[in-house]
Amino acid sequence: MKVVLFCGGYGLRMRDGASDDMPKPMAMVGPRPLIWHVMRYYAHFGHREFILCLGYGAHHIKNFFLHYEETASNDFVLRNGQTELLSTDIASWTITFVQTGIESPIGERLRRVRHHLDGDEMFLANYADVLTDAPLPEMIDGFAQRDAGASMMVVPPQSSFHCVDLGDDGLVGGITAVSELPLWENGGYFVLRQEIFDHIPENGDLVADACAQLAKRGRLVAHQHCGFWKPTDTVKERAALDAAYARGDRPWAVWERDGAGAGATGSRDGAGARA
């Protein structure tokens, strides 16, 4: 199945300074940027056709793949000055790069790449800055068996704050951690049918517009995931993931846990890329 990734936002909370124009999906976790980790996850499960919805800082993402260094994350032999790769990351990937606008909402970005989906009945979509160990085949199979237009992964609240039960007299009746409330957050990792396009208005949003309309019609399903799921909206969150990677604590790297997986190959070909 094709995978649409939204990677065109400004990512202002990820900036190191006013002159930093690096898009958030290019923030580094270990030797690779966030977008690579997300794509590697999908490729591990056999989904290697990617459509990147570009916007702000698109040239950084293009240059990363156009000048991809396989040796950064693969074993190799250096013989007589020539590099012989023992495995590769992206040789079997096809990546379509599409400029979808600097200010476009996510729904509009999806609308602008519709023609690249070739009318596929089902396809995958996601943010390019959130990592998980969720069972993707289970999500897809579960959705395929349902009469619905879209599926989203939902996760428990991630906030470390507390909610206060406040009475009219100003007395606090109780304090509850947000993470303990019976709530679920949108976790991305969408599985979609073409029906989604019927509910995205021009310059509309994927969740607030399309998913909300499907929910009203009883055509939106959720996959509840209580395992690993981490967004990367701030420098602090990115640094925490980077530190976890360095100490070998990377549950999102399912391709390491399950072996080389579908995303790796012994071929020395480069990525199949369309601009």
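Which residues of helix α4 (residues 136–144) are buried? In this predicted model, the buried residues of α4 are L136, M139, I140 and F143, where buried denotes under 20% relative accessible area, exposed over 50%, and partly exposed the range in between, computed with a 1.4 Å probe on protein chains only. These residues cover an arc of only 95° around the axis, which puts them on the same side of α4, the arc being that of the directions from the helix axis to the C-beta atoms. An α-helix has 3.6 residues a turn, so residues three or four places apart point the same way. The cover over the buried residues of α4 includes α1 (34–44), β8 (122–127), β10 (150–155), β14 (190–193) and β15 (220–224), with contact taken as heavy atoms within 4.5 Å. Helices (H or I, at least four residues) and strands (E, at least two) are DSSP runs, numbered from the N terminus. One of the buried residues, F143, also has R193 over the face of its ring, at 4.4 Å from the ring centre; a charge sits over a ring if NZ of Lys or CZ of Arg is within 6 Å of the ring centre and within 35 degrees of the ring normal. In a further arrangement of this kind, the charged end of R250 sits over the ring of Y245, 4.0 Å from its centre.

Residues are numbered from 1 along each chain as its sequence is written. Local features need pLDDT of at least 70 and side-chain atom pairs count only at pLDDT 80 or more, whereas totals for chains, interfaces and linings use all residues, and side-chain values use heavy atoms, with hydrogens and water left out. The mean pLDDT (the predictor's confidence in each residue, from 0 to 100) is 88 for the protein, and 90% of its residues reach 70 or more. Over residues 260–272, however, pLDDT stays under 50, and for this segment the model has 38 contacts beyond four places in sequence.

Strand β4 (residues 49–54) is mostly covered, five of its six residues being buried. Strand β1 (residues 2–7) runs parallel to β4 and is joined to it by six bridges, with L5 standing opposite L52 of β4; two strands pair if DSSP finds at least two bridges between them. Six bridges likewise join β4 to strand β7 (residues 94–99), again in parallel, and here F50 has I95 of β7 as its bridge partner.

The structure holds 14 aromatic pairs, defined for rings of Phe, Tyr and Trp (its six-membered ring) whose centres lie within 6.5 Å, with planes under 30 degrees apart counted as stacked, over 60 as edge-to-face and the rest as tilted. Among them, the rings of W36 and W255 have their centres 5.7 Å apart and their planes at 85°, so the pair is edge-to-face. Because W36 lies in helix α1 and W255 in helix α7 (residues 254–257), the pair ties together parts that are 219 residues apart in sequence. W36 is buried, with a relative accessible area of 4%, and W255 is buried at 6%. Y42 and Y189 form a stacked pair, 6.0 Å centre to centre with 25° between the planes, which links Y42 in helix α1 to Y189 in the loop between β13 and β14, 147 residues apart. The relative accessible area is 0% for Y42 and 1% for Y189. Y41, Y42, F45 and Y189 form one aromatic cluster.
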